[in-house]
There are 2 protein chains.
Amino acid sequence: MMSRMDPDLARRKFGDARVARLGTVGHSKMPHLVPVTFALDGDQVMIVIDHKPKTTTNLRRLRNIRENPQVALLVDHYTDDWSALWWVRADGRADIVEGGSTRDAALEKLAKKYDQYQGHRPAGPVIVVDVTRWSGWSAA
Amino acid sequence: MMSRMDPDLARRKFGDARVARLGTVGHSKMPHLVPVTFALDGDQVMIVIDHKPKTTTNLRRLRNIRENPQVALLVDHYTDDWSALWWVRADGRADIVEGGSTRDAALEKLAKKYDQYQGHRPAGPVIVVDVTRWSGWSAA
């Protein structure tokens, strides 16, 4: 049996995770899932696209967000000891930021969290998700 | 840089995983993500709902599937060594099976994979996903 997590705890546990899954859906109504690295700042989740903008114009997560900004992000902790399971979902609205200070700040945050982004700054746009709901569950 | 995985390898790696994330979307066009245990048989993924049917009539993943059977499932392997990253997405169509031999066979498979289901048979319906596409990526 799972029980509800306090939203502040949910956000904190989400922020500490190294990977999340981004769910988007465009006109086709086919959900699209992809694992993402991310940085959390308050109620904003920032995700960067690694490649150059030209190669990303057709990337499905970006196409879907342009068609429908409603997205969900999931962090979960699985273990074969089911009394230690937990997961957190963040529902929100996504914006695509191609450049400027918002993108710079996001890259800064990401480089602080992941060493890999320090030597190699991603060339693509940033997805900024304004989280409107934190839902966490943990094994009771 | 990630490169495409052979679909057979993708399916095998997916099947070996202990947890997947199920993405569904109903009329609201808001994607819904939840971690799930599952069993794989060929191109069918079986997921069981733990609770009694009465308490699940309003469960969002079931409501969404009734509104729109298109679903996606994701298995991913994250590590801070990014040369070992991989993930597999299964796109398909979901059916909800309330009882009968399909449900019994699914419970059998799930109990074989997860000890927890042996002593305690879940009371809820089974979600059967017919996978139409296996997409796998791994760090090159």
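Predicted model: local features only at pLDDT ≥ 70, side-chain atom pairs only at ≥ 80, totals over all residues.
Reader: Through which surface do the copies meet?

Author: Because 100% of the interface residues of chain B are also interface residues in chain A, the copies meet through the same surface. The contact takes 40 residues from chain B and 40 residues from chain A, and the area buried between the two chains is about 3,300 Å², with carbon and sulfur atoms giving 64% of that area. On the side of chain B, the residues that lose the most area to chain A are B:Lys29, B:Leu33 and B:Trp82, which together account for 22% of what that side buries.

Reader: How many residue pairs are in polar contact between chain B and chain A, and which elements of chain B supply the side that touches chain A?

Author: Between chain B and chain A there are 14 residue pairs in polar contact, counting pairs with both residues at pLDDT 80 or more. At least two residues each are supplied to the side of chain B that touches chain A by β2 (20-24), β3 (32-36), β6 (70-77), β7 (86-97) and α5 (116-119) of chain B. The element that gives the most to this side is β6(B), with 6 residues. Sorted by class, the side of chain B that touches chain A has 18 nonpolar, 12 polar and 10 charged residues.

Reader: What can side chains of opposite charge do when their charged atoms come close?

Author: Side chains of opposite charge can pair when their charged atoms come close. By the rule used here, which asks for a side-chain nitrogen of Lys or Arg within 4 Å of a carboxyl oxygen of Asp or Glu, the count comes to 18 salt bridges over all chains, and 4 salt bridges are counted between chain B and chain A. One salt bridge joins the side chains of B:Arg18 and A:Asp80, at 3.1 Å from N to O. There is also a network of salt bridges that links A:Arg21, A:Asp76, B:Arg21 and B:Asp76.

Reader: Which parts of chain A does the pair of A:Asp91 and A:Arg133 tie together?

Author: The closest N and O atoms of the salt bridge between A:Asp91 and A:Arg133 are 3.6 Å apart. Because A:Asp91 lies in strand β7 of chain A and A:Arg133 in strand β8 (residues 126-139) of chain A, the pair ties together parts that are 42 residues apart in sequence. The two partners can also be read by accessibility: A:Asp91 counts as buried at 5% relative accessibility, whereas A:Arg133 is partly exposed, with a relative accessible area of 42%.

Reader: How many residues apart are B:Arg11 and B:Asp8 in helix α1 of chain B?

Author: B:Arg11 and B:Asp8 are 3 residues apart in helix α1 (residues 7-16) of chain B, so they are separated by about one helical turn. Their salt bridge has its closest N and O atoms 2.8 Å apart. B:Arg11 is partly exposed, with a relative accessible area of 23%, and B:Asp8 is partly exposed as well, with 44%.

Reader: Is A:Arg89 buried or exposed, and what does its side chain contact in chain B?

Author: A:Arg89, which is found in strand β7 (residues 86-97) of chain A, counts as buried because its relative accessibility is 5%, and buried means under 20%. The side chain of A:Arg89 makes a polar contact with the side chain of B:His32 at 3.2 Å. Leaving aside residues up to four places away in sequence, A:Arg89 touches several residues, among them A:Arg133, A:Trp134, B:Leu33 and B:Arg60. In chain B, B:Arg89 forms a salt bridge with B:Asp91, with the closest N and O atoms 3.1 Å apart; B:Arg89 is buried at 4%, and B:Asp91 is buried at 6%.

Technical notes:
Residues numbered from 1 in each chain as written. Chains lettered and ligands numbered in written order. Heavy atoms only, no water. Contact = heavy atoms within 4.5 Å. Buried area = accessible area lost by both parts, 1.4 Å probe. Polar contact = N/O pair within 3.5 Å; in protein donor to acceptor, adjacent residues only side chain to side chain. Helix = DSSP H or I, 4+ residues; strand = E, 2+ residues; numbered from the N terminus. Nonpolar A, V, L, I, M, F, W, Y, C, P; charged D, E, K, R; others polar. Buried < 20%, exposed > 50% of the residue type's maximum accessible area, 1.4 Å probe, protein only.
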